[in-house]
Amino acid sequence: MTNGRVTWWTAKILVSTCLIALISNVLPIRGEEPAAPPDELAQAKAAYEAAVQAAREAEAALVPLREAMQKADVALAAASKTANEKRGRANEAKGLAGEQGVQELKRAEENLTAAEQELAAAREAKPPLDQALAEARAAAQPLQDAYNAAEKAAREAEAAAKAAADAANKHEIAAKQAADRANALRRAADAAQTSLRRLQQLQQNFQKQRDLAVAQLTQLEAEKKPLDEALAAANNQLTAANEAAAQAEKAAQEAEQSAKQIAEDATKSEDEKKQAATAAQEKRKAAEEAKAALNQAQAAQRESQKQVDAFSPKLARPTQQKSMAESTLANLAKQLEAASTAAQTAEAAAGQAAQEADEKRKRADAIQAAAKAEPAADANVPQDIRDAAKELVELQATALRTAEEAAAKRKAANEAKAALAPAEQALDAAASKASAAAQRLSQAEARHQAAINELEDLKKRIAEAKQTYEANEKAAQEAEALVPPLKQEADQRRAEYMAARKVADEKAAIVDHARLQFYRLSASRRIARLMESPEPPTPTNHIDEIVFAKLHSLGIQPVLCSDAVFVRRAYLDIIGQLPSAEEARAFIESPDKNKRTALVDRLLNDTRHADYWAMRWSDILKVKAEFPVKLWPNAAQAYHRWIWESLAQNKPYDRFARELLTSSGSNFRVGSVNCYRAIPNRTPEGIASGVALALMGTRIDFWPEQRRATLSPFFSQIGFKPTSEWKEEIVFWDPLRSNTAPGSTAAGCDSVAAAVTATNSIPQALAEPLAENSGQEVSFPDGSKTVIPPDRDPREVFADWLIRPENPWFAKAIVNRVWAWAMGRGIIHEPDDIRDDNPPANPDLLAYLEKELTTHGYDLKYLKRLIFTSTTYQLSPIPHYQSPEGMVNFASYMMRRVEAEVLADALDQITASSDLYTSAVPEPFTYIPKDMRAVVIADGSISSSFLTLFGRSARATGMENERINELASPQWLYLLNSGQIQLKLQTSPKLRALVAAGGSNKEITERLYLTILSRLPTDEEVQAMEDYIKLGVAKGQDAWSDLAWALMNSLEFLLRH
Amino acid sequence: MAQHHEPNRRSGISRRRILERGAAGAAGIFAATHFQTLHHLAFASESQPNSEQQLADEKAAHDNAAKEKAKAKKRIKSVIQIFLWGGMSHNDTWDPKPGTGYDYLGSFDKFIPTNVEGIQLSSLFPYLAKQADKFSLIRSMTHGNNGHETAAYLMQTGHKPGDRLAYPSVGAVFTFFKREEYQGLLPPYIVMLQAAGRFSEEGFLGPAFKPFATGGDPNAERFEVQGIVNRGVTDQRQKARRELLDKVNLLGHGLASVTDIEAAEAAREKAYALILGPGREVFDLSNEPAELRDRYGRNTFGQECLAARRMVQAGVPYVTISFPGGWDTHSNHFATMRQQCPQLDRGLATLLQDLHERGLLETTLVWCTGEFGRTPKVSWEPPWNGGRHHYGDVFTVLVAGGGFVGGRVLGKSDQNGEKVAERPVYPTDLLGTFYLLAGIDTKAILPHPLGIEARVLDAESEGMKAAGLLDELL
């Protein structure tokens, strides 16, 4: 990178198992280091330091230039902004001042002309219409007058006719009025009667109520009377008893007094005393008896009183009822009296009125009859009637006459009105035309005025705009004139800065060059001592004999790696993890001569070996839930579990392959059936291509058409059928292609037929005769032929052909793949590109490994042990040869970047942190427990941005090269300077603990080296850390975190070596 | 220009109009060679409206006209893609529908004229309204797909989703074809701030064409670009610890003559050119005048636009701005729009103006759209309470620069913005025009790891609809 320009792309060279090209300088073998002139290193160091100084000065010179450039930029920006603003204003003003103004003026003038024309027309149109209106008015006037007079006459005549009619009817009217009055009075009298009857009814009701109450009272009082009498008797008895008791008490007291006196009187004899005492006692007894009698009388009286008291409430209700009824009755009596009077009065009035009405009716009828009588009424008719009749006849005649007159006049008025109507219509029309013309005229006048105003305004505005435009244009030009010199100034400053920048960049490039010269020289002198063992390599097994013979023929002398290199290498290659500091130290310090073999045996039996190699197999077999493989999460887990268990149990490889090829069942329950499901293109051709890539290590897409076609028939009868469980799918042998038949889920002809019987429906394929399926003649890619019997699953026929020691692909593909995984490169490269024109680098080696595998029951662990314990596996990573043949013949260990998952786990291991792995589809998202390592993630859809960035396999094609172990700029930016790495280092509890464990700087440095690089530091490295601490740029924990940062960014950490 | 607003009905008259326009837009040779075809078109359309043959002929006419016009244009050097993830409503923004009532307009019932007569925008875009002469709007974009991932795949690859190949995005394809031409230091395909995630931009082209996601926030005091600008590590410490690494990197330095190791070491030096060298200056927005930063808007999107301009200035071929904050406004629609549209307006308008003023717009394509539009009718009912949903039947795309003329509207949606009314534009038409202007042959074969034949665009064999390249906007 020191020559030519550095670009994004130049750094995009793949670092992986690809070719290592010619090496420009052959590296010295340990012990044969050429004695470089001691001053060479010193010279390089001096050149580096001088370059740093020069670059520093160039950088310092940049500062004022940069400031000047920025200042000029700011000035230019401000001036440009001002100029732009002024230009904008000028352009706005230019609108009216320029062509736009002319156009608008033209339009306004046209407007005015049009308005004037319109006005003239309106003015012309109005007078004739006004004239017409006047004429119409004149024509209508006499007709109107005539009509008015006729109408008046008609109305007067009609009034007269009505008066005459009324007069003719006066008797009739009088009779009718009297009848009306009589009717009204009759109704009033009836109402009075009704009211009276209702009151009488009420009176009767209340009388009944009162009588009832009185009867009850009488009965109750009769019941009460004995009780009252009993009470009176009891009272009497009580009074008597009281007196008797009082007398008896008095007598008793006197007797007792007397007895006492006698007893105290010595003069009295004992008998007397005794007599007196007895008498007193008797009296006392009598008093007590009287008292008892009193008590009895009292009780009797109380009882009697109680009975009387208990009776009283019974009396209250009837008493109350009685009194209420009586008061209502009194009231009703008064009302009745009034009502009775009113009824009588009304009756009298009604009778009288009826009589009067009757008389009037009779009279009117008589008059009417007399008037009608022809000839004149006879003499029996009273005179007044006859007079009235005569008058009536005259009045009727008058009424008839006036009515006729009124009708005639009404007719005349109507005729006048009819004559008026057309004249009126003509008048209305003329009036409306005249009014419209007037309106048009006023509108035209308004528009005309507006057009005049607009024109004037526009002229004014144009004049103003012209003025403004000139001013703005001038201002804009002035402002614009200011810009070029400023731009020139800014450009010049920028050019000056850029020139200086270029100088500084050149100096920086010189620094980089000198720096690399120095460090490369320094490192190249120390690297071999660190990586290599002084022991000469001796063959351990037959692998070494074959490889060493080849190397010998190439003139290459292999070198062994050191113990420190071996322990790290074995851990990474076998279990995909770094050794712990303790494990590394213990191994390095162990004196056991057999320790390397012992370590390989231990690691191969560790379940982490199954974890790590299951990850690699999952790449090949495409264990991925989502696009493009779409296994679905449960199935991906089941598939991975099957792979893991196969490896953990060291399942013989022939069985492993057969299970992959011939399994039937549920994708969730039988992991190996996912082999076919993981092939996105599920046509027989697509499946053949996928199977050949995985198990034959070959890309049949590049085979000749005819040979390629041989494989398809074996995969043409695989059925995939859903179940009622979401995304569950049954893979089965389906000779009738009946997977559309409901219920047919199990393998084999019989079960398909049974399903058809059970469901009573015939799938499409059954229409074809079964015989067609029998005895299909097929050939294999190696040219051999066979017949697939109708009762055999073609997959099994294929498996029988494939899984044989003499098959040209099967054993070859697997030993080559295992070798490539262990050694970093296949004997045939790439391991999935076996073809005639891609020969193995060492055919004997390949043949030997094939034989070992097939003769040891396809025991993969045996094969791995054979490889990992060989001396060939233990060679130094330093290539001491020029020929490219050396590398392809495994003369040195293939250095290559650790895979994304292994790197993620290693970073977590050295910092004791964890990462988050998720899958964005399907929802809900899948999350993996925090402490789970990336290597053990089953499903390729579960990932992180780190794993993607570091080239984890997309598991889309099953090809080895889908995994991209690149170390280009994006990966470096992440490792060197990302927030994530910085955070991991700064917050690492493990790094903190390693420092906190104390001791000298050297001891802490040793702990960090063992943890991160699995080795002890050299003296120079310990010194480098001492110097860094002294420099003081980072202090305390930060300084140690920078050492960890430097170590994890060294290629020794990032590459297997 | 006005004729582009004329109804383009499938009638003889409009056919003749196309004919006139085509003839006027291209050189005489074109008119001579294509007259016959066009004449036939005009004739055929009257007898058999909408026949497949007619549509194919129309497409061919558009394609040919576009190819002729593109000959006179400079090639696209850089692309800035502003992706409105989630899908922005077209009704509320660039295809306003005055007079369609509350059910369609919601609370955005104000519209503004632009500096181009006849083009109207929602009043949420006053700044863009002043730059309408610099961009054109495609108001008849359609693909009919309403799923985020599949629609985004359609809009960014032009290929049929769900096929067995995962095609690379237009950004990856563009970068792939510019790999010889681009000699800059920065990553050739940059996305701010994060890649979309659910959609794999690089497709089968592999990680070399994966966009570089900057992370960080350009509106913060320091734009902390992932891996390039690191918080809390000073330049002095960067340099010191680099020296420490040099001292302990025994294998890297000691075996630097081994090709693979040399390449890895070279890549690290390259990374340092970004971390400590001139590359990072592109991300240092403090180099820009404060007034200009204000004009872009002091928010993440505005400053992303400014950063994108600086990247384009540095020659970066493809920059994607994934709008910070989504547009998937099933609910809280109007509030979200009120907040985000002004940012989009300011940032995008200033970007166009700034590119124009620096003479970069001619060779820089700016395009802005989401994966689809949103339902024209507002869902007022719970639980949306005023929301709009996915809508792929018709929506609007903004294109500017890179050979597109400004101040035009192509196509038309119907009265309420629910269907294409005129001139449908399919993803393959849109991306095909981009590739045309970039000088990328759409029939060119992309490298697939399994050797499967995969082309830049392949609408025909995938059975995708196409209505012809966008000659009307060239």
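This is a predicted model: local features need pLDDT of at least 70, side-chain atom pairs count only at pLDDT 80 or more; totals for chains, interfaces and linings use all residues.

Mentor: Residues are numbered from 1 along each chain as its sequence is written, chains are lettered from A in the order in which they are written, and side-chain values use heavy atoms, without hydrogens and water.

Trainee: How much area do chain A and chain B bury between them?
Mentor: The size of an interface is often given as the accessible area lost when the parts come together. With a 1.4 Å probe and summing over both parts, chain A and chain B bury about 6800 Å², 63% of it on carbon and sulfur atoms.

Trainee: How many salt bridges are there between chain A and chain B?
Mentor: A salt bridge puts a side-chain nitrogen of Lys or Arg within 4 Å of a carboxyl oxygen of Asp or Glu. The count between these chains is seven, including Asp1038(A) with Arg237(B), whose closest N and O atoms are 3.9 Å apart.

Trainee: At what angle do H11(A) and H19(A) pack?
Mentor: Helices are DSSP runs of H or I, at least four residues, numbered from the N terminus. Axes are lines fitted to C-alpha atoms over the stretch in contact (heavy atoms within 4.5 Å), and angles run from 0 to 180 degrees between N-to-C directions. H11 (residues 607-621) and H19 (residues 810-823) of chain A pack at about 125 degrees, with axes 12 Å apart.

Terms used: Helices (H or I, at least four residues) and strands (E, at least two) are DSSP runs, numbered from the N terminus. Buried area is the accessible area (1.4 Å probe) that two parts lose on being put together, summed over both.
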